[in-house]
Amino acid sequence: MASELRELNDATFDEHLVATDVPVLVDFWAEWCGPCKKLQPVLEEIAREQTGKIEVTKVNVDDSLEIARRYEVLSIPTLILFKDGNPAVRIVGAKGKARLVEDLAPYL
């Protein structure tokens, strides 16, 4: 799945979270996940509109099992917003743009 969003993995995840000074929204996804594919354009749009306020990234759960296990990602898509390197919000399932922006608004 081609994406404009930065792909993180087990090796880059922790380092990236501490190096970023804006909240980081992580999309836990997999290539075979239909709802994940539908959510991608929404996340890319949010990333463009919220540049400088939030960074949207992706973690493929099939390739990065350690990170998925650490954050107990049991179903996908799961979105976790990290603020100051710590999980602040967890959103499970595909939602529309308006609902996602509403859920994320306190952190933007």
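Guide: Contact here means heavy atoms within 4.5 Å. Helices (H or I, at least four residues) and strands (E, at least two) are DSSP runs, numbered from the N terminus. The model is predicted: local features need pLDDT of at least 70 and side-chain atom pairs count only at pLDDT 80 or more, while totals for chains, interfaces and linings use all residues. Residues are numbered from 1 along each chain as its sequence is written, and side-chain values use heavy atoms, with hydrogens and water left out.

Visitor: Against what do the buried residues of H2 pack?
Guide: They pack against S2, S3, S4 and H4. Buried means under 20% relative accessible area, exposed over 50%, and partly exposed in between, with a 1.4 Å probe and protein chains only.

Visitor: Which residues of H2 are buried?
Guide: Cys36, Leu39, Gln40, Val42, Leu43, Glu44, Ile46 and Ala47 are the buried residues of H2.

Visitor: Where is the kink in H2?
Guide: The kink lies at Gln40, shortly before the proline Pro41, and amounts to about 30°. The bend at a residue is the angle between axes fitted to the seven residues ending there and the seven starting there.

Visitor: And what span should H2 have?
Guide: At 1.5 Å a residue, its 16 residues should span 22 Å; the end C-alpha atoms are 24 Å apart, which agrees. The expected span is 1.5 Å times one less than the number of residues in the helix.

Visitor: Turning to the sheet, in what order do the strands lie?
Guide: The order is S1-S3-S2-S4-S5, in an open sheet of five strands with mixed pairing. Strands S1 (6-8) and S5 (86-92) are the edge strands, each pairing on one side only. From one strand to the next, the twist averages 30°. Two strands pair if DSSP finds at least two bridges between them.

Visitor: Which helices pack on the sheet?
Guide: Helix H2 (residues 34-49) does, touching S2, S3 and strand S4 (78-83), and its direction makes about 165° with that of S2. Helix H4 (residues 97-104) also packs there, touching S2, S4 and S5, with its direction at about 155° to that of S5. Axes are lines fitted to C-alpha atoms, for helices over the stretch in contact, and angles run from 0 to 180 degrees between N-to-C directions.

Visitor: Parallel or antiparallel: how do S2 and S3 pair?
Guide: S2 (residues 24-29) and S3 (residues 55-60) pair in the parallel sense over six bridges. Leu25 stands opposite Val56 in S3, and Phe28 has Val59 as its bridge partner in S3. S1 and S3 also run parallel, joined by three bridges; there, Arg6 is the bridge partner of Thr57.

Visitor: How many residues of S3 are buried?
Guide: Six of the six are, so S3 is largely enclosed by the rest of the structure. Glu55, Thr57 and Val59 point one way, and Val56, Lys58 and Asn60 the other.

Visitor: What of S4: in which sense does S4 pair with S2 and with S5?
Guide: S2 and S4 pair in the antiparallel sense over five bridges, with Val26 opposite Ile80. S4 and S5 are antiparallel too, over six bridges, and Phe82 stands opposite Pro87 in S5. The two strands form a hairpin with two residues between them, where Asp84 in the turn has a positive phi of about 55°.

Visitor: On another topic, how many aromatic pairs are there?
Guide: The structure holds three. Rings of Phe, Tyr and Trp (its six-membered ring) pair if their centres lie within 6.5 Å; planes under 30 degrees apart count as stacked, over 60 as edge-to-face and the rest as tilted. Phe13 and Tyr71 have ring centres 5.7 Å apart and planes at 50°, so that pair is tilted. Phe13 is in helix H1 (residues 13-19) and Tyr71 in the loop between helix H3 (65-70) and S4, 58 residues apart.

Visitor: And which ring pair involves Phe82?
Guide: Phe82 and Phe13 form an edge-to-face pair, 5.6 Å centre to centre with 80° between the planes. Phe13 lies in H1 and Phe82 in S4, so the pair ties together parts that are 69 residues apart in sequence. Ring pairs link Phe13, Tyr71 and Phe82 into a cluster.

Visitor: Buried or exposed: which describes Phe13, Tyr71 and Phe82?
Guide: Phe13 is buried at a relative accessible area of 0%, Tyr71 is buried at 13%, and Phe82 is buried at 1%.
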